[in-house]
Amino acid sequence: MDAPVTSLPHSAYTLQAVIRQLPDRVIIKDLNSTFITCNQRFADDLGIAIESVAGKTDYDFFPAELAACYQADDRKVMLSGKAIRVEEPYMLDGQPHWLETSKSPIFDAAGQCIGLTAIFKDITQQKQDHDEMQRRAWALQANSRTNQALVQASEEQELLQAVCDAIVADQRYPLALICGLNNVRQSRLQILSSAGNARAYASQLEINWDEHTAEGQGPIARCIRLGSTISLSQLQKSHDFQPWKDAARSFGLQAIVAIPLIAGPDLIGALAVYAGETHSFSPVEVQVFEELTRNVQFGIQSRRTRVAYQQSLQEQASQAQLLENALENALAAIASVLEQRDPYTAGHQKHVAELAVLIGQEMGLPQQRLRGLYLSGVVHDLGKIEVPAEILSKPSRLHPVEFALVKRHPEVGYNILKNIDFPWPIADIIRQHHEYLDGSGYPLGLSGEAILLESRILTVADIVESMSSDRPYRAALGINQAIAQIQLMRDRQLDPAVVDACIRILEQGMFTPHLLTVEAQA
């Protein structure tokens, strides 16, 4: 029987010296999944010296079930000769984290697999940032559908039901309800409308107005009495939620935000939204639902008098503008997240957006379309939130693996924004801003007129801004070189009308490159 492979060829030791200093956790195994070496980060996690890893296996460090799973993945990689990547939760210092594991085969000069490398990367912050953006998107989507219900519903009860239906439409929230009392002498709140998979929970809900009873200490009753929002992130751990814990658990309800809904003297109540996960309502989400509730209050009041209803026609237009402004503010908030991670990316996005609008104006685009173009430019690199900050600011050329990760950003940005009802196709514009007319771009390989005009404009603006502005890894190449580049790509890859409009803008001196010396003085 052949002896187990426990070492790599001599040439591999140079690679070992390099990986020991990498920020991610790295290990090298032989064909038998025996550890050969690792880097310092992995050794630190285990609390041992790097030299102590050699000859060990996963069973020496991890529970048997987990070790078996790791070695099954090893065999899959070494038998297929193909790399794999998985994301999985893990606990670190008693806190939940997310880990991304990449395993790749190692081949000798003859093309035979002799082992593998495994790289572990903590992606907890990326997951949290993505989840936060998605929660904002869900709340804004619910707000948008609610505003549509305000316009379409003719009767008050129809309006209340439409609001609850709008909130749970994408099944993010298992229950939304509106309850109230018609006068303060009533002792029990009535459920006026409800919707969601946990609607049966609302039908059995007992909420007492009396603060001296246990049923009167819950979040809904308290929010009405106090006239302020109540948010509970862990219902099962809340003492005030005791009367409803068992029922809530059976329906999978883990968190609640309750907002007072006061529509004149004839309706005193609350809007309550339940979530199936703990810590589901961030301050931004709560703010969106508070705005939603104010809109509902207005909708109820406007239907109670003819005069108020007539006035609502004008108010609804104002509310639509407020929603549009809210969407813009959401994009600004998203851009600020990128700015905190990588100031170069954020500055680049803003300058690309400004140049894109100048090009659009030169081409005669209407004001409303220019507005969508600008907002798309402000977050066109949103997907880079998935890219580690050390890659974004790397002061040298990217490794092909690193560049492949960067190339995913148009699709990532599209997935984050695709479910938000913007007045413009912002998600698609972002997704297509690296496509070329000849089909050589990414991620979809679109060509010609299949690429949105706004995306074609962003592509040109992106190239010009990147070349004419300072970057972390080089000084600005200058406007003249940027013009030469887009002229070279004109017709074949870039829209000729867009290129010509951009050159006219640049020759008139209407665009100022993003120079670090200028930014430092600002």
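This is a predicted model: local features need pLDDT of at least 70, side-chain atom pairs count only at pLDDT 80 or more; totals for chains, interfaces and linings use all residues.

Analyst: Residues are numbered from 1 along each chain as its sequence is written, and side-chain values use heavy atoms, with hydrogens and water left out.

User: How many helices and strands are there in the protein?

Analyst: There are 20 helices and 10 strands. Both are DSSP runs numbered from the N terminus: helices are H or I with at least four residues, strands are E with at least two.

User: What makes helix 12 oblique to helix 17?

Analyst: Start with the general idea. Two packed helices are described by the angle between their axes and the distance between the axes. Helix 12 (residues 367-378) and helix 17 (residues 453-468) pack at about 50 degrees, with axes 10 Å apart. That angle makes helix 12 oblique to helix 17. The cut-offs are these: under 35 degrees is roughly parallel, over 145 roughly antiparallel, 65 to 115 roughly perpendicular, and the rest oblique. Axes are lines fitted to C-alpha atoms, for helices over the stretch in contact, and angles run from 0 to 180 degrees between N-to-C directions.

User: Which residues make the contact of helix 12 and helix 17?

Analyst: Helix 12 gives Arg369, Leu373, Ser376 and Gly377, while helix 17 gives Leu453, Glu454, Ile457 and Leu458. Contact means heavy atoms within 4.5 Å. By class, this contact has four nonpolar, two polar and two charged residues. Ala, Val, Leu, Ile, Met, Phe, Trp, Tyr, Cys and Pro count as nonpolar, Asp, Glu, Lys and Arg as charged, and the others, Gly among them, as polar.

User: Why are helix 17 and helix 19 called oblique?

Analyst: Helix 17 and helix 19 (496-507) pack at about 45 degrees, with their axes 10 Å apart. They are therefore oblique to each other. Helix 17 brings Leu453, Arg456, Ile457, Val460 and Val464 to the contact, and helix 19 brings Val498, Val499, Cys502 and Leu506. This contact has eight nonpolar, no polar and one charged residues.

User: How do you know that the span of helix 17 agrees with its 16 residues?

Analyst: The expected span is 1.5 Å times one less than the number of residues. For the 16 residues of helix 17 that should be 22 Å, and the end C-alpha atoms are 23 Å apart, which agrees.

User: Why is Arg371 called partly exposed?

Analyst: Arg371 sits in helix 12. Its relative accessible area is 26%, so Arg371 is partly exposed. The C-alpha atoms of Arg371 and Trp424 are 8.8 Å apart, although 53 residues separate them along the chain.

User: Why does Gln171 count as exposed?

Analyst: Gln171 has 58% relative accessibility, so it counts as exposed. Gln171 lies in the loop between helix 5 (156-168) and strand 6 (175-181). Its phi is positive, about 65 degrees, although Gln171 is not a glycine.

User: Where does Pro443 lie, and what is the peptide bond from Tyr442 to Pro443?

Analyst: Pro443 is in the loop between helix 16 (426-431) and helix 17. The bond from Tyr442 to Pro443 is cis, with omega near 10 degrees.

Notes
Buried means under 20% relative accessible area, exposed over 50%, partly exposed in between (1.4 Å probe, protein chains only).
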